[in-house]
Amino acid sequence: VRTWSPARAERVNASRRACLVARFGFIYAQERLDAETLLRAFICDMETVQRIIYIAAVESFRAAKMAFWKVKISVKETLALDHMGPEPLEVAALDYIARHKDLYDVCQSIQEVVCSMNVNPKIPYPPEVDFFLIRTLIRELCCLAFSMQTVIPPLDIALGVDGELFNRTMYYRSCDSDFTAPFVAYHVWPPVMENGAVIVKGEVVTKK
């Protein structure tokens, strides 16, 4: 017989959240730079490389969240057949998905991300490189974004717009920025959000 308490559930959720935030930071520090190195072998312009990586991050979160929505519907329908508690069905579904990561077809999401990138107007067409080259980064971001939906409240990224006013609560300036410029030229890495609040800053390049 399973026992459940709100206090224990909150501790598990907090632990899971901390691991996910730490993983986001590791991807920024490691896989992002690895992808940058791979792309620089084919693309000389650093701005184009950074734009590609940012778009890969945005598309990875979009694809993973859509996949999660479909998985959660299926899991809730299955669990509802004999769910007796004690935790709410929504919490039970999130916990089940978090413990059964094989429910997520990440390969399909990678395919969707690459297809979306191939038609993104911010990337020169035809692409100078096959975006499957950075599939390791895309895979890690998709898996992370999927898992970020299993915490309460879910974690997400903020979508940036070129030319927006620089917001120091959301972003760091990249080292090659004009630190007197008030507007964002382009985005390097997205911030992590929780209930509308920034918990991990992103990175941008500002230019006049």
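Helices (at least four residues) and strands (at least two) are DSSP runs, numbered from the N terminus. The model toured here is predicted.

**Whole chain**

Start with everything shown as a cartoon. The protein has 6 helices and 6 strands, and their order from the N terminus is α-α-α-α-α-α-β-β-β-β-β-β. Switch to the C-alpha trace, which spans about 60 × 35 × 25 Å along its principal axes. Of the 208 residues, 43% are buried.

**The largest nonpolar core**

Select Phe 24, Ile 52, Met 117, Ile 134, Ile 138, Met 148 and Trp 189. In the largest nonpolar core, which has 49 residues, these touch the most other members. Next, colour the elements that each supply at least two residues of this core: helix H1 (6-29), helix H2 (31-40), helix H3 (46-80), helix H4 (89-99), helix H5 (106-118), helix H6 (135-148) and strand E1 (155-157). Which of the elements gives the largest share of the core? That is H3, with 16 residues.

Centre on Met 117 and show what surrounds this side chain. Beyond neighbours within four places in sequence, Met 117 is in contact with Ile 52, Ile 55, Ala 56 and Glu 59, and also with Ile 123, Phe 131, Ile 134 and Ile 138. Another core lies apart from the largest one; it has 7 residues, including Ala 158, Met 170, Tyr 171 and Val 184.

**Glu 36**

Move to helix H2 and select Glu 36. Is this residue buried or exposed? Glu 36 counts as buried, because its relative accessibility is 14%, below the 20% cut-off. Setting aside neighbours within four places in sequence, its contacts are Met 46, Val 49, Gln 50 and Ile 53.

**The cysteines**

Select the cysteine sulfurs. How many disulfides does a search of the whole structure find? The search finds 0. Begin with Cys 19: the closest cysteine sulfur, in Cys 143, is 15 Å from its own, so the two are too far apart for a bond. A pair would have to come within 2.5 Å to count as a disulfide. Cys 19 is also exposed, at a relative accessible area of 52%.

Cys 44 is the next stop. Cys 44 is in no disulfide either, and the nearest cysteine sulfur, in Cys 175, is 19 Å away. With a relative accessible area of 72%, Cys 44 is exposed.

**Two backbone details**

Go to the loop between H6 and E1 and select Pro 153. The peptide bond that leads from Ile 152 into Pro 153 is cis, with omega near -5 degrees.

Finish at Asn 195, in the loop between strand E4 (192-194) and strand E5 (197-200).

Note on methods. Residues numbered from 1 in each chain as written. Predicted model: local features only at pLDDT ≥ 70, side-chain atom pairs only at ≥ 80, totals over all residues. Heavy atoms only, no water. Buried < 20%, exposed > 50% of the residue type's maximum accessible area, 1.4 Å probe, protein only. Core = buried A, V, L, I, M, F, W, Y, C linked by side-chain atoms within 4.5 Å. Contact = heavy atoms within 4.5 Å.
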